[in-house]
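Hi everyone, thanks for making time this morning. Let me put one chain up on the screen, and we can walk through it together.

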Amino acid sequence: LTIVGDGPELAALKAQAERSGLLAQRAHEAGKVFFAGWQPQERAAQLLADHDGLMMSSLHDCGGAVVLEAMALGLPVAATNWGGPPDYIDPQTGLLLEPTSRQALVDQFAQAMSALATDPALRARLGQAGQEKVIREFDWERKVDRILAMFENVLGSDGLGRRA
């Protein structure tokens with residue numbers, strides 16, 4: 001497990017991992033947790049591409065762009081059903097976890113990690129469906145085409161607001 005980012009809980013989480021014998025010194029130490037800290041976008045994207053999935057547990061960074069980045073890479077995603085992620089994830093493309101309480105959310109993420117870690121078919125199915133959705137709904141060329149179609153509809157077919 002690689003945790004990207006920092007914040008007020010970082011020191012406590014590292015200490016907990018160390019006490020539990022789970023603190024990794026580098027990414028990909030089997031059965032351990034590596035804390036990558038804050039990373040610039042390019043490095044964070046590299047780390048994401050080098051992993052098997054994304055767990056987006058934040059209630060503060062709720063825009064969800066990283067969810068789309070993971071889906072575009074064909075990675076399965078589990079995210080908090082809050083803010084941006086529900087705009088992108090549906091039951092066919094990922095796992096949305098309800099933030100009903102702190103413990104319930106922790107338990108749901110643990111279950112999601114276990115399910116994705118032990119079920120390669122689930123990882124593949126969610127990853128493929130997510131990637132297809134990103135291409136179908138969030139590709140820049142398709143977005144431009146939709147925006148142009150809206151402008152043409154508003155302005156009329158001659159582009160001057162006059163209907164042909």
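I'll begin with the chain as a whole and then visit a few residues.

First, some housekeeping. This is a predicted model, in which local features need pLDDT of at least 70 and side-chain atom pairs count only at pLDDT 80 or more, while totals for chains, interfaces and linings use all residues. Residues are numbered from 1 along each chain as its sequence is written, and side-chain values use heavy atoms, with hydrogens and water left out.

So, what does the secondary structure come to? There are seven helices and five strands; these are DSSP runs, H or I of at least four residues for helices and E of at least two for strands, numbered from the N terminus. Following the sequence, you read β-α-β-α-β-α-β-α-β-α-α-α.

Now the overall dimensions. The C-alpha trace spans about 75 × 30 × 30 Å along its principal axes. The radius of gyration is 20 Å, whereas a compact globule of 164 residues would have one near 15 Å. That radius is taken over C-alpha atoms, and the globule rule is 2.2 Å times the number of residues to the power 0.38.

How much of the chain is buried? Buried residues are 29% of the 164, where buried means under 20% relative accessible area, exposed over 50%, and partly exposed in between, with a 1.4 Å probe and protein chains only. The accessible surface, from the Shrake-Rupley method with a 1.4 Å probe, is about 10600 Å², and 56% of that belongs to carbon and sulfur atoms. As for contacts (heavy atoms within 4.5 Å), take those with a separation of 6 or more: 42% of them are between residues 24 or more positions apart.

Let's zoom in at the start of the chain. Thr-2 sits in strand S1, residues 2-4, and it counts as buried because its relative accessible area is 17%. Setting aside residues up to four places away in sequence, Thr-2 touches Ala-27, Phe-34, Ala-36 and His-51. With Ala-36, the C-alpha atoms are 6.6 Å apart in space, across 34 residues of sequence. With His-51, there is a side-chain polar contact of 2.8 Å. By polar contact I mean a pair of N or O atoms within 3.5 Å; within protein, one must be able to donate a hydrogen and the other to accept it, and residues adjacent in sequence count only if both atoms are side-chain atoms.

A quick stop at His-28, in the loop between helix H1 (10-19) and strand S2 (34-37). His-28 is not a glycine, yet its phi is positive, about 70 degrees.

Last, have a look at Leu-97, in strand S5, residues 95-97. Is Leu-97 buried or exposed? Buried, because its relative accessibility is 8%. Beyond its neighbours within four places in sequence, Leu-97 is in contact with several residues, including Ala-78, Thr-80, Leu-105, Gln-108 and Phe-109. Gln-108 belongs to helix H5, residues 102-118, and is buried too, because its relative accessible area is 19%. Not counting residues up to four places away, Gln-108 touches Leu-97 and Glu-98.

That's my tour, and I'm happy to take questions.
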